[in-house]
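Me: I am new to this structure and would like a close look at a single part. Please then connect that part to other places in the chain.

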Amino acid sequence: MNDNYEKLFDAEPIALKYGENPHQKAFFYKTDGSANMENLSDIELSYNNLLDINCAVKIAAEFFDVNAAVIVKHNTPAGVALGKSLNEAYLKAFDTDPISTFGAVIAFSKPIDAEIAKHASSVCLDAVIAPDFEDGAQEILKKNKNLRIIKLNTSLKEIRTMQEQEIHITPFGTLVQETDNKELDKDTFKVATKTKPDAEMIEDMVFAWKIAKHVKTNAVVIAKDFKTLSIVGGQTSRVDAVETALNRACDGAKKAVIACDGFIPSIDSVQAAAQCRISGIIQTGGSPKAKEIITCADKYEIAMITTGIRHYKH
């Protein structure tokens, strides 16, 4: 077991107001190996805040070297985008699902400026997380007395891979596994269809794939131009997950791409994608009906990439 877990309960517990619900007691443990963040506001972080911050920061860490904004609600990404500027990324992410942004947390990959702070402080958010705050930004955010302002003192690049294991305690025993830090592998990443994706489509596919990794299974992400159009997770049927994601994306799905955390389950899913004029699909591959699915994708001139990597998240 990782040394951090052996040291975990030797650390001094920080009592939280309550857990996921008011009747649950909760504590927060930090070790010497924990990432460092600083709460710059006067409002304490709740158990749920910490879960959402963790989710948002881990997704932002996937895009540590570019302008990225990640919106998370109830430990689930609600909108993710990249942009030529951080402000563009933020507005694109916000546009994915403005309703779900109510009470959400937003993580940024770069220091935020006064323009972003002005918009973020005007909507109902639980927390804003960034590596730093440019002149005036922190003061603007602090005008919202209900907003938690979190400064990351550990770099996103470091956070990206610093967690090596995950632990789940059950009545039957304790489960420990390696954290899913698997990167796309050039030896298994391949174009499966005769229809070839162009460079821009591949970039959108990789963008959507990195997000799907952090969404509960069955996860489906539809994206275009480095912006999520719909994010669906926690479904018991992957066929339903694909259809739900397409319905949410609506007309925006034209020339967009789909990322799935497992294999595309059926020809029906490809046909539904074709009806919505999806241009590309990135998926694990390995379906029992793989040949039929690839043939169907070619029929509708949908480019398909298989990664050889599954990203289940229970």
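Reply: A256 is buried, with a relative accessible area of 0%. Here buried means under 20% relative accessible area, exposed means over 50%, and partly exposed is in between, with a 1.4 Å probe and protein chains only. The model is predicted: local features need pLDDT of at least 70, side-chain atom pairs count only at pLDDT 80 or more, and totals for chains, interfaces and linings use all residues. Residues are numbered from 1 along each chain as its sequence is written, and side-chain values use heavy atoms, with hydrogens and water left out.

A256 sits in the loop between helix 8 (238-249) and strand 14 (257-260). Helices (H or I, at least four residues) and strands (E, at least two) are DSSP runs, numbered from the N terminus. Leaving aside residues up to four places away in sequence, A256 touches I222, A223, K224, L229, R277, I278, S279 and G280; a contact means heavy atoms within 4.5 Å. E166 is 90 residues from A256 along the chain, and their C-alpha atoms are separated by 33 Å.

Another loop, between helix 7 (199-212) and strand 12 (220-224), holds N218. A cis peptide bond joins T217 and N218, with omega about -5°. Most residues other than glycine have a negative phi, and most peptide bonds are trans. H74 has a positive phi, near 55°, and lies in the loop between strand 4 (68-73) and strand 5 (76-82). At 65% relative accessibility, H74 is exposed. E301 also has a positive phi near 55°; its loop runs between helix 10 (290-299) and strand 16 (303-306), and E301 is exposed at 61%.

Next, helix 4. The buried residues of helix 4 (residues 114-122) are I116, A117, A120 and S121. Seen down the helix axis, these buried residues fall within an arc of 120°, so they line one face of helix 4; the arc is that of the directions from the helix axis to the C-beta atoms. E115, K118 and S122 are exposed on the other side. The cover over the buried residues includes helix 3 (86-96), strand 6 (104-108), strand 7 (125-130) and helix 5 (137-142). Where helix 4 starts, a side-chain oxygen of D113 comes to within 3.2 Å of the backbone nitrogen of E115.

The cysteines form zero disulfides in a search of the whole structure, a disulfide being a pair of cysteine sulfur atoms within 2.5 Å. The sulfur of C124 has its closest cysteine sulfur in C55, 19 Å away, which is too far for a bond. C124 is partly exposed, at 39%. For C276, the closest cysteine sulfur is in C250 at 8.4 Å, again too far for a bond; C276 is partly exposed at 23%.

Finally, the whole chain. The chain has ten helices and 16 strands, and buried residues make up 47% of its 314 residues. The C-alpha atoms fill a box of roughly 60 × 50 × 35 Å along the principal axes. Of the contacts between residues at least 6 apart in sequence, 51% join residues at least 24 apart.

Conventions
A polar contact is a pair of N or O atoms within 3.5 Å; within protein, one must be able to donate a hydrogen and the other to accept it, and residues adjacent in sequence count only if both atoms are side-chain atoms.
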